[in-house]
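Thanks for coming. I will go through one structure today, starting with a helix and ending with an interface. Please have the viewer open.

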Amino acid sequence: MTESMDKTTAVMNLPRRDARDKLQGRTKYTVDAGGSDVLHAALLRSDVASARITRLDTSAALKMPGVQAIATAADAPGLHGLGIADHPVFADKVVRYHGEPLAVIAAETLAQARAAAKAIIIEYAELPKVLTMAEALSQDAPLVHPDWEDYEILFEGGNRSGNIAWQATVDRGDTDAAFARDDVTIVEGSYQVGRQNHVSFEPRAVVASFEDGRYHIHTSTQAPWTVKSVTAKVLGVPEAAVHVTVPAVGGGFGLKFDCSLEPYATILARKTGRSVSLVNSRKEEMMTCLCRENADIHIRSAVTKNGEIVGRDATVLMDCGAYGGEQVFLTTMTAHTLGGNYKLGSVRIRTKAVYTNTPPNGAFRACNGVYNTFALERHTDEICAAIGMDPFEFRRRTVVGDQDLGATGQVFEGNVLGPMLDQMVAKHPIGKRSDTLPDGRLYGRATTVGTWFIFVGPSAATVILNADASATLVTAGVEIGSGTMMQSLPQIVAANLGIHPDAVIVKTADTDAAGRDLGVGGGRTTVSIGAASEAACADVRDKLLEVASGLLQTKPDNLVLTAGRVEMKGRPGSGTTIRQVVQHAETTIGPISGSGAFTAPGVPAMPGCAAGHFIDAIDVPVFAVHDCEVAVDPVTGHVEILSYRLVQDVGRALNHRAIHGQIQGGVVQGIGYALTEEITINKNGAFDQTGFESYHLPLAGDVLPIEFELYEGAPSIGPLGTKGAGEVPILNVAATLGCAIANATDKKVNTLPLTPPRITALLEGRQNGSNLGHVARLRGGDKR
Amino acid sequence: MEQRFKYPPSVEDAVSALGDSAVLFAGGTWVMRAPLRDEDCEKTFISLAKIPELHLVSVNDAGVKIGALVTHHALAAISDVPEMTALVQAAGRSANPAIRRMATVGGNICAKDFAAADLVPALLALGAEVEVQSFEGAASLTLEDYLQTRSTRPSTEILTSIHIPRHSGRSAHARGLLRQAGEYPVANVSVYLEPDQNGAINAARIAVGSVESTPKRWHALEAAVSGQPFGRLSISDLAQSLTQEFTPRDGVDAPATYRLRILPRLVAQAFADAMGQLERSA
Amino acid sequence: MGVDFTLNGKPRSFAGDPRTSLLHALRDDFRLTGAKDVCGEGFCGACIIYVDGEPKTSCLLPVGALQGTEITTIEGIGNVDTLNPVQQAFIDFDVVQCGMCFPGMVMTLTHYLKDNPRPSRAEVKAALTGNICRCTGYERIIDAVMSLHNSASGEVRT
């Protein structure tokens with residue numbers, strides 16, 4: 001097909017259409033929904049981490065003022081999960097984590113619901129618990145799920161055993177032979193990172209109602225279709241009976257990529273016949289957040305003196321908490337985040353999702369990537385030290401390029417990381433990597449690389465061309481704050497139809513109107529929904545040009561859509577307005593609309609390399625180069641970031657200003673992860689950080705402007721050559737800060753977060769982080 | 001509805017309204033967070049807001065009198081009492097701007113479970129006295145004595161004002177934070193220094209907060225620096241040598257050892273600040 | 001017996017438990033949902049409103065303490081058709097993301113700039129110590145605020 005649109009018109013700094021209402025406090029998020037007719041719900045949660053429930057008596061609570069209904073495990077007996085159905089809606093006979101829901105109450109007011117929750121009689125017989133992965137994997141550890149073998153398997157292929165919920169493995173080439181070579185240096189490192197809370201400002205929240213025999217769920221989610229299918233499954237109703245709508249979402253960052261509160265409110269709506277609102281309090285949100293998981297990582301590499309990595313062996317333990325959840329799926333990522341940066345002669349990776357009696361974890365911006373990049377880049381610097389090669393030189397030689405193999409044997413296309421490294425140092429030549437500043441602080445600089453990927457998968461779109469030549473885009477895409485639904489999608493649709501983005505109406509997500517979609521996350525929205533939208537536009541364009549061709553007495557191939565008009569190519573003013581064509585169409589073929597779809601094209605991996613992976617190869621790799629300079633106060637352990645710069649692979653930048661916003665925000669979240677945001681789990685299995693007093697988010701005074709350059713032109717299957725730009729900015733922040741701090745302090749930085757107390761411990765040479773022997777041990781006993 | 005929020009017109013009326021089912025309400029920033037601490041939230045609030053004298057700051061040659069309801073924001077704006085800089089700094093840097101407009105000096109002193117108060121060490125360093133009123137009438141005692149008995153003082157007592165005697169020295173406050181601002185300090189130090197004619201320290205008062213559960217004076221360090229010439233003082237080393245005076249607390253924010261580690265630095269910062277003020281005023 | 005005050009220019013009365021936080025009264029009883037319930041402990045600033053013109057965190061203000069006061073919420077800043085200069089600058093610089101913190105940001109900065117029309121970057125950051133944003137990383141908010149120095153009048157209306 002010849003070009004009937006001008007792609008360059010998609011590139012602009014389109015402002016967000018939702019900004020005005022947000023600035024005026026007029027936007028209605030899910031937490032703002034619901035008037036006086038709505039019932040309020042509260043969850044009763046366990047205050048023990050591992051126990052048998054010996055008594056759960058709701059009779060007194062049911063008689064409390066205002067109480068309309070109480071639901072417990074009896075109301076939702078089914079199990080759900082990703083890969084494995086291991087997760088009940090309510091703790092049923094057994095409690096597996098502190099904060100696990102036991103019952104939910106609907107009452108006229110929230111205070112009444114909370115009072116009733118306190119009146120429920122709950123008695124436990126406490127059971128032994130495992131709070132760390134080391135404990136969970138120790139000999140004779142109590143099993144979090146003694147019945148693990150009986151669970152329904154939703155996705156085949158993962159190796160499972162006891163407290164190992166899932167294992168994904170990569171085996172390419174003969175690593176044993178590589179490590180046995182006599183011309184290699186063997187470098188080994190262990191790393192441990194903590195959890196990170198998303199702290200989306202809007203907590204998880206839902207309003208559910210029962211209307212005309214169906215369930216309507218109005219919710220703060222990133223994945224309306226997941227909410228629909230999971231709620232249907234646990235309620236035991238057809239998916240068609242569940243209708244999900246999503247208003248503006250007050251931040252997600254991955255937290256809302258799974259179904260969470262929706263089933264509780266839905267069950268109560270069915271019981272009461274009323275609308276029911278359920279909103280997590282901030283304390284609940286802090287203590288049961290589906291955090292970025294804590295992880296224990298061991299990497300071992302066989303490297304020649306020329307810097308060739310002939311063998312790599314890595315074990316990554318991901319704490320999934322009490323239920324498998326997203327971590328089962330995320331074991332897949334290690335192959336790409338730890339195995340997709342550097343050329344590897346042979347590679348063996350074991351990634352295990354491990355059950356513990358702690359709150360379940362979930363997805364968080366650049367899931368799994370941030371800590372694997374941290375571990376890998378620290379390890380890479382240790383390799384450089386061991387073989388005496390400059391860290392930049394090593395990276396420049398060893399990063400993956402055109403036709404190089406990824407961990408699972410996929411073939412990368414295009415030289416991207418190498419030129420990006422060159423772009424970084426061309427502008428910021430590397431001088432000293434460590435120094436002592438005149439004020440006594442320790443200076444460090446580091447440059448790191450990172451590989452992320454766009455998580456594609458199915459999306460659907462419908463585009464309706466209206467009589468006034470505006471277009472309505474109908475998808476299940478959600479605006480979570482990143483601007484994708486407000487900026488890149490209208491820009492893509494407008495460019496495809498030759499209209500202005502202001503004339504593109506974006507329907508809010510509604511599963512009754514839009515086709516299935518995996519959800520907003522993994523940087524996939526612009527790529528997947530964008531591609532589906534382009535396909536829908538192509539359908540519209542074909543119909544429109546066909547009608548126009550009759551009207552203008554020329555072939556459709558001679559026509560082009562531009563500035564609201566259908567013109568003959570190369571002859572501006574020769575045609576007519578789109579509006580007139582649409583009106584004419586009403587008398588010939590009827591109103592014009594189109595539908596489009598997209599799914600992962602499926603890049604091949606090398607057969608037999610990967611087992612237990614949900615994706616064997618990555619469709620759209622995304623690369624990043626970060627560089628920073630720090631000053632570390634040797635007394636207080638404070639880190640001042642003196643400069644922070646990055647080069648980011650975006651494929652094609654549609655909205656430079658919006659990408660700037662994602663980079664500044666994403667890097668700052670990474671700074672929080674690396675330096676200030678700490679979650680500790682106490683002996684009761686509960687988080688110590690219960691609110692903003694103790695969980696330290698970066699404030700305005702803690703940040704700096706991020707300097708950035710966009711790398712355009714790398715291969716991408718995304719519409720107009722785009723890649724998602726919102727996920728990746730956080731990817732190598734902890735890696736870069738960690739390496740710079742290691743350079744500044746000349747210490748083995750191997751844990752996160754690097755809070756001032758931890759840095760002082762590091763400087764004093766005190767062991768930081770727990771003993772990681774369990775990770776290294778696993779490697780030896782597991783050569784399946 | 002029964003009266004859950006009372007505005008007694010005088011301190012005497014407020015005292016008689018107190019009891020086990022009532023709680024004093026000053027700025028609200030501590031009381032309103034009782035639910036987050038899983039404390040009893042059903043108490044009647046006894047607001048002191050309608051007692052005019054509690055809002056006043058008066059400065060004269062005898063001293064500075066500060067009503068218990070004076071906010072951090074108001075304290076931070078005091079500019080005509082040069083020796084009180086520690087208090088002005090503590091008030092102007094604690095928490096965040098909106099909280100400083102609400103939180104009061106009385107609340108800062110009386111919240112007995114709040115280890116990281118900023119005003120308290122500043123007031124200790126300034127040698128403040130507090131006035132309390134109970135059924136027995138009004139009484140005055142040093143803040144130091146008040147703090148030592150704070151956890152056992154009667155719930156029907158109201159701290160009504162703070163009195164700071166006038167001095168010729170200078171003072172400064174230093175906060176040890178994990179971020180740049182906006183949080184409770186893991187340790188804080190206030191220092192008051194008064195020189196003699198020979199350029200030596202005539203009097204020093206040093207107070208430390210957040211390291212232990214209650215702020216306290218660092219008498220050993222005060223004694224160690226007393227009489228020392230400013231010029232040759234190695235205050236950081238001196239402080240380092242006397243940290244055994246403290247039994248630091250472990251907390252979610254920082255381990256005990258960290259609080260002690262940064263203490264000499266904070267003392268040195270506050271000393272440098274106060275000495276700079278003395279030089280400029282000389 | 002209720003508590004009477006002026007809310008966005010109109011006389012209003014609250015008859016519920018006077019220990020109720022103003023934030024909950026605004027959101028639940030007056031259905032003014034612009035102030036957001038985010039941290040509930042005075043750190044995040046998403047619930048900031050003005051009491052007699054002074055920015056305060058409404059989560060820590062019991063309604064009982066507000067008898068006779070004049071309360072202004074984000075809904076009382078301008079109207080549907082007019083934005084104040086801070087709001088306009090945020091649009092011009094495309095700084096809004098999820099939006100939950102912005103009502104509080106607007107309240108804090110509008111008040112601050114009235115008394116400090118030409119602040120430094122560091123001063124703006126200090127003024128924002130009690131306004132947390134999880135999405136934007138702040139700097140572009142500061143850029144937008146700094147641009148107001150160069151506006152024609154230099155004045156910031158409320």
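Which residues of helix α12 of chain A are buried? Before the answer, note that this is a predicted model. The helix covers residues 391–398, and its buried residues are Pro391(A), Phe392(A), Phe394(A), Arg395(A) and Thr398(A). Looking down the axis of α12(A), these residues fall within an arc of 160°, so they line one face of the helix. Among the elements that cover them are strands β17 (295–304), β18 (309–321) and β21 (442–454) of chain A, along with α11 (369–387) and α13 (417–427). The N-terminal end of α12(A) is capped by Asp390(A), with a side-chain oxygen 2.9 Å from the backbone nitrogen of Phe392(A).

Arg395(A) forms a salt bridge with the side chain of Glu377(A), at 2.8 Å from N to O. The two sit 18 residues apart, Arg395(A) in α12 and Glu377(A) in α11 of chain A, so the pair links distant parts of the chain. Is this pair buried or exposed? Arg395(A) has a relative accessible area of 1%, and because the cut-off for buried is under 20%, it counts as buried. Glu377(A) is at 0% and is buried as well.

Over all chains, a search of the whole structure finds 66 salt bridges. One of them, in chain B, joins Arg153(B) to Glu157(B), with the closest N and O atoms 2.7 Å apart. Here Arg153(B) is partly exposed at 23%, while Glu157(B) is buried at 13%.

In chain C, Glu139(C) and Arg121(C) form a salt bridge at 2.8 Å, N to O. This pair also links distant parts of its chain, with Glu139(C) in α5 and Arg121(C) in α4, 18 residues apart. Glu139(C) is buried at 1%; Arg121(C) is partly exposed at 29%.

Now the interface. How many residues of chain B are in contact with chain A? The count is 20, and they meet 21 residues of chain A. The area buried between the two chains is about 1700 Å², with carbon and sulfur atoms giving 53%. Arg179(B), Val252(B) and Arg261(B) supply 40% of what chain B buries against chain A, more than any other three residues.

Four salt bridges are counted between chain B and chain A. Arg261(B) meets Glu764(A) in a salt bridge, at 2.2 Å from N to O. On the side of chain B that touches chain A, ten residues are nonpolar, three polar and seven charged.

Key
Residues are numbered from 1 along each chain as its sequence is written. Chains are lettered from A and ligands numbered from 1 in the order in which they are written. This is a predicted model: local features need pLDDT of at least 70, side-chain atom pairs count only at pLDDT 80 or more; totals for chains, interfaces and linings use all residues. Side-chain values use heavy atoms; hydrogens and water are left out. Contact means heavy atoms within 4.5 Å. Buried area is the accessible area (1.4 Å probe) that two parts lose on being put together, summed over both. Ala, Val, Leu, Ile, Met, Phe, Trp, Tyr, Cys and Pro count as nonpolar, Asp, Glu, Lys and Arg as charged, and the others, Gly among them, as polar. Buried means under 20% relative accessible area, exposed over 50%, partly exposed in between (1.4 Å probe, protein chains only). Helices (H or I, at least four residues) and strands (E, at least two) are DSSP runs, numbered from the N terminus. The arc is that of the directions from the helix axis to the C-beta atoms. A polar contact is a pair of N or O atoms within 3.5 Å; within protein, one must be able to donate a hydrogen and the other to accept it, and residues adjacent in sequence count only if both atoms are side-chain atoms.
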